[in-house]
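Hi,

As promised, I am passing a structure on to you.

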Amino acid sequence: MDRISELPRDILQQILNFLSQKEAVRISVLSKSWRYNWCIRTNLDLSYNNFRGSKLQFLSVVDNILRRQHDERLSLSEFHLSISQVYPDHTSVFYLKKWVPLLTVIGVKKFRLSVYMSHTHHAYRKPPLKLPPVVFGAESLQDLHLENFEFDRKTIERILPWKHLRSLCLQKVYIEDEILQKIILGSPLLETLNVQGDCRRVGTVNLNHLHNLKYLSLQLCEREVDQYCSFEIHPPSLETIELRYSNISYHTGDDFRNLHSLFISNVRPSSLDRLSSTIFPCLKRLTISNCFGIEEIKLFINAPNILYFEYRGLKVPCISFAATSSKWKSEIYLVYQGSSWLLKLNELLNSLSHSEISLAVDQYCRINGNVMVRENVHNRPIVESLRMGSDLVIVMFFICRPRNIYGYKIKSVRLWKFLMERESGNEDELFRGLEEVSIETRVDIREGWRPSTSLDFKLPGLEFRLALKWRNTPL
């Protein structure tokens, strides 16, 4: 133990870096001389939520740690700090003004600062803490994450260009579009930009000068008036786009040569409509979720290398894909809207018939026991996975041919009677090409499916599915 204690400080620091912070704190009990050695790690994560003591004591501990790092000329590359907010919170602001210059001197490259409401203040929603202007003077940062702050014009009075900043994450923030624009203009080398919060004045933020930007995640709107902030983007460098309650704009014919993943949720139809006139040569994943008005437009996705498509919503979209170069999967999550809705769903399934389709349908309204599709449906595509928990599953045979059916109703008497009578009456057309029906079971997701026995129905915790075998002949 004495030999370890006598190791040079930089060697001891490297040893502690191989441990998690929790492990480093635990070994501090081995010797009095080791009591505060965990503080010399090059990455520290300090949260008041994990501290036993008052907030003032916590702030004092953090102050001592940073002073020690500074006085002993230690290297601290990554620093995470989470503090609780009381209102007004002049003490936290005082310490933050004191600490940020120290972080610059110590050489911190990655800084995460978050504020959360203490349990005693959750019932009284207070304005978020105003970010001290001193934070924007830390020009040596490469990675900055700020959470639950308000940005006002005083915040950016001392803003300096962040010549080294590669990643900027602003979560749960209150900000004006002009302030955000000024912050981004001072960060020309950004590769990652994540903005989530409420915008005080909705306008347009220009991101065209961010030629190194690879990951873009946006969720910025003025909730009280239901207005979304709009972002002008520079597409060629982007690899991932996540868009929620925001709009993006770009020129027709812009180059999305590197975009691999696109996630769109709760956006306006105008942002969706642009997709039809855009080529996505490298797009692998596309998710569209809960977009109001999507049923009013026709979407065409030109993504020849798509591997996965997911749609979630109340309305059935009208969407089609260009020819693809490989096998791909589509997952559709919908809510039953009535018999006319079934025909629209059939059209969607046919447009996705070149993919492996998984379909899950929730049902909140009551279903008439005699509901059926009266119009002629000539093409009923194969659906690899059909998941639902009601007798609506019977109606689905009018618009598709499921291979595997999941849900608690698969053992219902009505469903089995429906399937066993498939060779008689008017329902014969529904089962043309259906060769075999069986029930399979498994214990958990890590196991394969096997044919079920009569004993399986008495055992708890088993998952069941209906397996249907269809002839590969067009209907």
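Below is what I found, starting with confidence and then moving to a few strands and a helix.

Please keep in mind that this is a predicted model. The protein chain has an average pLDDT of 83, with 81% of the residues scoring at least 70. Within the chain, confidence is highest in strand β17, at a mean of 98, and lowest in helix α1 (residues 2-5), at 60. One stretch to treat with care is residues 120-124, where pLDDT stays under 50. For those residues the model has five contacts beyond four places in sequence.

Now to β17 and its neighbours. Strand β17 covers residues 308-312 and runs parallel to β15, with five bridges joining the two. One of the pairs here is I288 with its bridge partner Y311 in β17. Strand β15 also runs parallel to β14 (residues 261-265), again through five bridges. In that pairing, S261 has R285 of β15 as its bridge partner. Is β15 enclosed or open? Four of the five residues in this strand (residues 285-289) are buried, so the rest of the structure largely encloses β15.

The other element I looked at is helix α6, which spans residues 177-185. Which of its residues are buried? They are D177, I179, L180, Q181, I183 and I184. The cover over these buried residues includes several strands: β7 (167-175), β8 (192-199), β9 (204-206), β10 (215-222) and β11 (227-232).

Enjoy exploring it!

Best wishes

Conventions
Residues numbered from 1 in each chain as written. Predicted model: local features only at pLDDT ≥ 70, side-chain atom pairs only at ≥ 80, totals over all residues. Heavy atoms only, no water. Buried < 20%, exposed > 50% of the residue type's maximum accessible area, 1.4 Å probe, protein only. Contact = heavy atoms within 4.5 Å. Pairing = 2+ DSSP bridges. pLDDT = per-residue confidence, 0-100.
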